[in-house]
Amino acid sequence: MDWITIIMMGVVGGFIGWMTNYFAIGMLFRPYQAIRVGRYTLPFTPGVIPKRRKDIAKSIGRIVGQELIHTKKVTDQILNKKVRKELKDQALHTLSQAFRSEKTPADLLKSYLNLSDIQIKKMETSIIKKLQKKLDDLLARSVWETVEKTAGVDKAMLIGKMSKEVQGLLVQALQEPSFRLVLMDKIHEFLKGLAFGKLVSQAIPVEKIADKIISGIHPHIGSETVYEFIYQGILQTWKKYENEPIGEVLDSLGILQKENLQHMISDMFSKNNPFHQRLCDLLADVDEKAFEQTVLDSIDYLFESPFIHSFLQASVQKIDFQQLVENEINHFSLPELEAKIYEIAHRELFMIQVLGGVLGFFIGVVQAFFILYVFPF
């Protein structure tokens, strides 16, 4: 029966078309190595992709690196609104946990960085040494360098302000009842040492003498003459110490001792080591809402900062995406590369096989039609 013949030839053609495409697709990857017979290499071995793997990797790398990836687009993608929102949400979540966490910084270092107790101890020792070194550097600076250079204070302005403060304290001291009492005691002692002191004290009460002295010197204490005297005194003291190391000056004045400061830093870590205090305790005096707002504002500043945009663009430009993609493709083993391509284009490759079967079926039907009806034997 003719229609059975037509169908059978169509089925055979479809099978041939299916298998042809199946083997053609397989030959893209297989065999992985060239097959040699004696001195000769079998044609189509290795497969197309293994044979031209480096060229394909280079072409894909060039397309991705030069045509698909643009610096500005990558930067905009990194700094888009969605990333900003996710970063803010994560920051708020982390801060909320930190303010209520019973863990210590040492616990976090162990959990997230897998540091041992010995490593944490070394870190503590390193921090102590760095703090002590910074303290040594600070105390080794001259008074002038510390006050004028580091703090940005003008010497003349500083001395003038100190002179005004001292003069103001003297004026205020004259008005204090305690100063009047001390002055009365001193006058009384002075009169006791005189031959006619008793007669003077009976004639003029000590209180009146003290009040007369105070009222007499009070106008002069606030005068420019006294101010200039105080100014020159402070200036001379400044000149005496301005080029001396601040540590030696403070030590000579008995204000502090360098050794005590060094021990204080060590004691701080031994008695109140921040590495071993709970996070909730370390943050107890911090305003949580204000701190959260500061962090959120900082994130907004970073995302909107022209410097950050420029920095990211410059960083992205330094990335050789072409070489990166090329290296990654060449890094895959051939079975891995085959699996990746099948993972990406499995449906399309399968449809190519189906299409080969469909075309083969129609070709078989057409051949049968021509054999039976157009060119019958």
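Phe-307 and Phe-311 are four residues apart in helix α18 (residues 306–318), so about one helical turn separates them. Helices here are DSSP runs of H or I with at least four residues, numbered from the N terminus. An α-helix has 3.6 residues a turn, so residues three or four places apart point the same way. The rings of Phe-307 and Phe-311 form a stacked aromatic pair, 6.2 Å centre to centre with 20° between the planes. (Rings of Phe, Tyr and Trp, the last by its six-membered ring, pair if their centres lie within 6.5 Å; planes under 30 degrees apart count as stacked, over 60 as edge-to-face and the rest as tilted.)

This is a predicted model, in which local features need pLDDT of at least 70 and side-chain atom pairs count only at pLDDT 80 or more, while totals for chains, interfaces and linings use all residues. Residues are numbered from 1 along each chain as its sequence is written, and side-chain values use heavy atoms, with hydrogens and water left out.

The structure holds seven aromatic pairs. Another one of them joins Phe-29 and Tyr-342, a tilted pair with 5.3 Å centre to centre and 35° between the planes. Phe-29 belongs to helix α1 (residues 2–29) and Tyr-342 to helix α20 (residues 334–374), so this pair ties together parts that are 313 residues apart in sequence.

| Residue | Relative accessible area | Class |
|---|---|---|
| Phe-29 | 3% | buried |
| Tyr-342 | 26% | partly exposed |
| Phe-307 | 61% | exposed |
| Phe-311 | 47% | partly exposed |

Now for helix α9 (residues 155–174). Its 20 residues, at 1.5 Å a residue, should span 28 Å, and the end C-alpha atoms are 29 Å apart, which agrees. (The expected span is 1.5 Å times one less than the number of residues.) Which residues of α9 are buried? They are Ile-159, Gly-160, Ser-163, Gln-167 and Leu-174. Seen down the axis, the buried residues of α9 fall within an arc of 100°, so they line one face of the helix. (The arc is that of the directions from the helix axis to the C-beta atoms.) Met-157, Lys-161 and Leu-169, on the other side of α9, are exposed.

Helix α19 (residues 321–331) has buried residues too: Phe-321, Val-325, Glu-326 and Ile-329. These cover an arc of only 135° around the axis, which puts them on the same side of α19.

Note on methods. Helices (H or I, at least four residues) and strands (E, at least two) are DSSP runs, numbered from the N terminus. Buried means under 20% relative accessible area, exposed over 50%, partly exposed in between (1.4 Å probe, protein chains only). The expected span of a helix is 1.5 Å times one less than its number of residues.
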